[in-house]
Amino acid sequence: MSPSSSLTFSGWHWLWPAIAFLIVALAILGWSYRAAAGQPYRWLCLTLKAFGIAALAVCLLEPLWLGQRAQPGANMFAVLADNSQGLQIRDEGQSESRGESLRALVDPGKPGWQSTLAENFDVRRYAFAARLQPTEDFRELDFKGRSSAIGGALQTVKERFANRPLAGVLLLTDGNATDLPGDALPDFTGLPPVYPIVIGRTDAVRDVSVQQVHVTQTAFEDAPVTIQADVIAAGFRGQPVRAELLDQNGRTVGQQSLDGRGDGGPLAFRFQLKPERSGLSYYKVRVSTPEQPPVAAGATTTPGGEATLANNSRVVVVDRGQEAYRVLYVSGRPNWEFKFLNRALDEDPQVRMVALIRVAKREPKFDFRGRAGETSNPLFRGFGDQSSDEVQRYDQPVLVRLNTRDEVELRAGFPRTAEELYGYHAVILDDLEAEFFGADQAQLLQKFVSERGGGVLMLGGMESFQEGGYARTPIGDMLPVYLERGEEAAEAPGPLQLQLAREGWLQPWARLRDNEADERGRLEAMESFQILNRVRSLKPGASVIATVRDQHGAELPALAVQRFGRGRTAALMVGDVWRWGMRDVAARADMDKAWRQLVRWLVSDVPGRVQATVEPVAADANGAVQIQVRVRDEKFLPVDDAAVAIAIEPVGFEGGGAPEAGGIKLEAEPALSEPGLYQATYVPRTTGGFRATAAVSDHAGVELGSAKVGWSTDLAAEEFRSLVPNTALLEEIARKTGGEVVPAAKLADFAERLPQRRAPVMETWSYPAWHSPVMFAFALGCLLAEWGIRRWKGLP
């Protein structure tokens, strides 16, 4: 009988006659056994005969078995078969692949569980890889799908059969989903019970796979890019695993070898490199074993050694920036610091420093100076235009512009408008008093950091920090240090020995050597400094990168940094950094490198007017990405009426097969969630690297700028990330939907029992138990047993 069946009685009008019959019969039975008092089997015989009579009395009440079952043909049942490449794997010791095992289970030519299922349900069959597709009899299964969208397939079933009598879902898969990152399940509310069938064995498969690749960029000059590949080598314990890093020309950039781990943990291969050019660079990480040497790209099968080669490589993208960073250097006087800083940055092709240096301060205006009626500075007499608008007056500072883009840049001195200032990525202030800036200029510089996202660095000097009157000013407020000191000396007496603070050891841009021992040796051999601007303390959230130790052993902050709004600020309290490079050529090279790394850090995260990024579409098994373009005007305010055209092209590798032919152009649409944001979605058709170029113009067709962004897609590597069936995920899906994991060997039994489970459309069935063979066999058996025992023991 069904587990949900129950026993009821339809002849309740026979209740009292049945009770009367039972009482009379039991009375007669007890009287008939009076002569057998004291016999050992008397009570056993009495009980057996009583049970037999009671069974006959119950039959007078007409007992019925009642239950519910799925109404035949009224409910639907979905069967989903995985059609992805992951089913091409052949388990150890198996003569057929997982796909062939699945095909044998759903073979329409073999009568069995499918026929049983079709007798009671309207069976709907589907194959899925990246998306769900209907099928008549699963003959279309070829196991070439690029992904396993288990979550997407179940969501599609949920939506497709909403408000329809779907009794359940039979899911045949290995459980390795590519659209459920971290095995995080979507909301399955409203989905009927899912009954997964695990395809494949849970034994480890011999295989080497690139699990994930991380790219880290720093301002460390010698090796600013670190590529780390996490590799799983299953079944290769103690055997060497080789990893290679290749550029687009097929040239080996780096190569490492590690032994496979016995615990199945990942092997971390770390490559440090310096790209030869700015902009986008593409690299390929490729792993192999001695049993399986490197193979051509695109190969997915192996004659021996590994289960598959599809997960042996990945493409990574490195973006070193497109345009040169522009840095504005403003100094109160010509000094050694500018000389060495300018020479150092000249060696960086991606940094352009524009200098505004004051050679003479603002002077009082007196009538007796110069000739009668002359208002211009006599130093400029006879040079250039001497009109009233162009002359250098006595009460104006004399400024020199260096490395400007054209003759107009900085002609009026330090920028007074956002359009002028926001064209730079960072500003360096050196030995310049706060009075140099007007109130509006000081506020503008603060907004340059907090709103535009720029960087500001203040260098030590006679007129910097508190000595320059920056306390309680907009510029002083954004520095990482408190300037008010009290009555202590303005300058710390030398010699001052520089050393890295704890945070400095953690920042690659603050170090000049690639290991701690060499770095400590360099610091100990450094030239001592003599000048330091004392500060009171650090502000909350600021970090000390470097300190100096004075002759009394006291540690004083020398370099401090902090985030301020969207940008960052830094304070270098040392006033004579130039001494560092005066000792010898090696010290000069170290100082130049330190300047470049500090400035690189200052500008590294500063956004441009047009900024392009790529975000993967959540839970998309096709590798779809969303290209986001943020557009700002000269004041860095969002532009909502721009036209954004995006050109996408694939990137090929030497010896790696031809990339996807041609490119594609998309028009980005404005996003409703953020002003100035434009979005477009792209679904790649091949595996590899891609480059997108966003060209932006205003409503009048005037070009506002452009930006490039790159990314890589490797659906095969994601599909073969794990070769062991993900039983835990399938069990969780079954638990959340009220189903259960069904062993493939018990599929026929499952199909037989399925109609007795709860379904949307049920029917009630009844079966008369009173004239069933079981009931009469029980009554007759009790009576015959009683008669036999009496005759055997000679009871009366």
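Of the contacts in the protein with a separation of 6 or more, 74% are between residues 24 or more positions apart. Residues are numbered from 1 along each chain as its sequence is written, and side-chain values use heavy atoms, with hydrogens and water left out. In this predicted model, local features need pLDDT of at least 70 and side-chain atom pairs count only at pLDDT 80 or more, while totals for chains, interfaces and linings use all residues.

Start with the overall make-up. The protein has 16 helices and 34 strands. Both are DSSP runs, numbered from the N terminus: helices are H or I with at least four residues, strands are E with at least two. Of the 796 residues, 47% are buried. Buried means under 20% relative accessible area, with a 1.4 Å probe and protein chains only. The accessible surface is about 38100 Å², and carbon and sulfur atoms hold 52% of it. This area comes from the Shrake-Rupley method with a 1.4 Å probe.

Now go inside. A nonpolar core is a set of buried Ala, Val, Leu, Ile, Met, Phe, Trp, Tyr and Cys residues joined through side-chain atoms within 4.5 Å. The largest one has 84 residues. Phe414, Leu421 and Leu445 have the most contacts inside it. Helix α12, residues 585-603, gives the most to this core: 9 residues. Look at Leu421. Beyond residues up to four places away in sequence, Leu421 touches Leu328, Phe414, Pro415, Val427, Leu444, Leu445 and Phe448. Another core lies apart from this one, with 28 residues, including Leu87, Leu141, Val742 and Phe750.

Next, find strand β9, residues 225-234. In β9, 7 of the 10 residues are buried. Two strands pair if DSSP finds at least two bridges between them. Strand β8 (residues 207-217) pairs with β9 in the antiparallel sense, over 10 bridges. Gln212 stands opposite Asp230 of β9. Strand β12 (residues 267-273) also pairs with β9 in the antiparallel sense, over 7 bridges. There, Ala229 has Phe269 in β12 as its bridge partner.

Finish at helix α14, residues 727-737, which contains Ala734. Is Ala734 buried or exposed? Ala734 is buried, because its relative accessible area is 2%. Val194 is 540 residues away in sequence, yet its C-alpha is 5.3 Å from that of Ala734. Leaving out neighbours within four places in sequence, Ala734 is in contact with Val194, Pro196, Gly739, Glu740 and Val741.

Definitions and conventions. Buried < 20%, exposed > 50% of the residue type's maximum accessible area, 1.4 Å probe, protein only. Contact = heavy atoms within 4.5 Å.
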